[in-house]
Amino acid sequence: MIALVTVVDVLAPSDVHLGPFLVAAPAITASFAGPWITAVIGAVAVLAQTAMVRGSVTDLNHTFQISALVLISVFVTVFAHLREVHEKEMIQLRSVAETAQQVVLRPLRERIGPLRIASMYLSAVAEAQIGGDLYAAARTAQGTRLIIGDVRGKGLEAVGEAALVLGAFRAAARHVGELPELVAYLEEAVASDLDDADIPAKEIGDQNERFVTAAVLDIPDHEPELHIISCGHPPPLLIRGHHVLPLEVELPAPPLGLAELLHPNVATETFAYAPGDTLLLYTDGVLEARDGSGAFYPLQERIATFPGAGPHDLLRHLHSDLLAHAAGGVLGDDAAMVAIQRVQ
């Protein structure tokens with residue numbers, strides 16, 4: 001750009017001055033390069049501006065043009081420095097959050113008892129939008145217990161809340177006999193954490209809105225069924241042949257952390273789950289993915305068009321299809337999915 005402006009100015013008539021166009025060079029550079037490169041481009045632009053002067057450099061008009069270019073070059077160099085510092089801070093923040101999340105979300109085993117399992121976590125691309133989506137599985141004497149959940153909020157605080165829920169689930173899933181007792185244990189863990197938190201007075205309103213939606217499942221090894229308690233979470237989808245059935249519970253429990261306000265009667269509900277069936281657990285980040293027109297992702301309809309294969313193939317299909325649906329291939333919220341196929 002600098003070379004082009006300089007050549008055109010030299011070839012142009014003497015009463016045509018293109019020097020002011022040189023300010024675009026450092027300004028554009030600052031949008032993508034660091035401060036050092038921006039400063040070098042600004043210096044080259046100033047030298048080119050000086051070389052293009054016809055007559056005395058001390059002429060008032062030329063002096064103002066050169067001075068303005070110097071000032072703007074300094075300004076955009078400072079801007080480039082601040083942008084670079086901000087980007088480094090955001091990269092570090094996201095790296096810390098993703099590392100914490102990877103520690104919290106341990107990979108699920110591909111085979112547990114009669115179940116084949118695949119899991120996937122998709123992070124939103126937006127800066128610092130690491131969420132509190134969670135999932136885990138635990139083996140019991142009679143079968144397998146699973147949880148999927150979503151903490152309200154973002155960032156490291158949400159990751160910490162997810163770690164609390166997962167820690168409580170892993171500690172109690174193998175030892176607590178009935179599913180309502182397990183949910184009560186999780187509720188107590190979340191409620192106790194909220195009570196113990198040191199929250200400033202101005203944030204009390206937000207504190208009252210902290211909660212975790214979750215679905216807790218118990219899948220026996222030797223019975224073609226599953227038991228579920230939904231704590232305000234989107235219903236799992238049961239894939240049986242070419243049919244997709246949402247497992248809507250009749251009496252959903254409130255999200256974890258809100259039971260004290262609602263005093264619910266938590267009840268287990270049972271659904272058929274035969275060999276060959278596949279169960280999909282997911283968080284609302286999947287449903288809330290929007291396309292360019294603002295339409296939500298039609299999860300149930302898209303699964304119905306899937307030809308059918310193992311849980312890993314299903315999640316790979318949904319992963320590519322979800323990103324293709326999302327505007328610009330960018331999710332607005334984190335999304336987690338767990339596919340579970342009963343093989344016997």
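What percentage of the 344 residues of the protein chain count as buried?

1. Overall burial. The answer is 46% of the 344 residues. Note that this is a predicted model. The accessible surface of the protein chain comes to about 17300 Å². Carbon and sulfur atoms hold 61% of that surface.

2. Fold make-up. The protein chain contains 11 helices and 11 strands. Consider contacts between residues at least 6 apart in sequence: 70% of them join residues at least 24 apart.

3. Helix 1, buried side. Helix 1 spans residues 2-11, and I2, V5 and D9 are buried there. These residues lie on the same side of helix 1, because they cover an arc of only 70° around the axis.

4. Helix 1, other side. Here A3, L4, V10 and L11 are exposed. D9, by contrast, is among the buried residues of this helix.

5. Surface patch. V70, V74, V78 and L82 make up a nonpolar patch on the surface. Together they have about 330 Å² of accessible area. V74 sits in helix 4, which runs over residues 60-104.

6. The cut-off for exposed is over 50%, and buried means under 20%.

Terms used
Residues numbered from 1 in each chain as written. Predicted model: local features only at pLDDT ≥ 70, side-chain atom pairs only at ≥ 80, totals over all residues. Heavy atoms only, no water. Patch = residues over 30% accessible without salt bridge, like charges linked within 9 Å, V, L, I, M, F, W, Y side chains within 5 Å. Areas by Shrake-Rupley, 256 points an atom, 1.4 Å probe, with all protein chains shown as cover. Salt bridge = Lys/Arg side-chain N within 4 Å of Asp/Glu carboxyl O. Helix = DSSP H or I, 4+ residues; strand = E, 2+ residues; numbered from the N terminus. Buried < 20%, exposed > 50% of the residue type's maximum accessible area, 1.4 Å probe, protein only. Arc of directions from axis to C-beta. Contact = heavy atoms within 4.5 Å.
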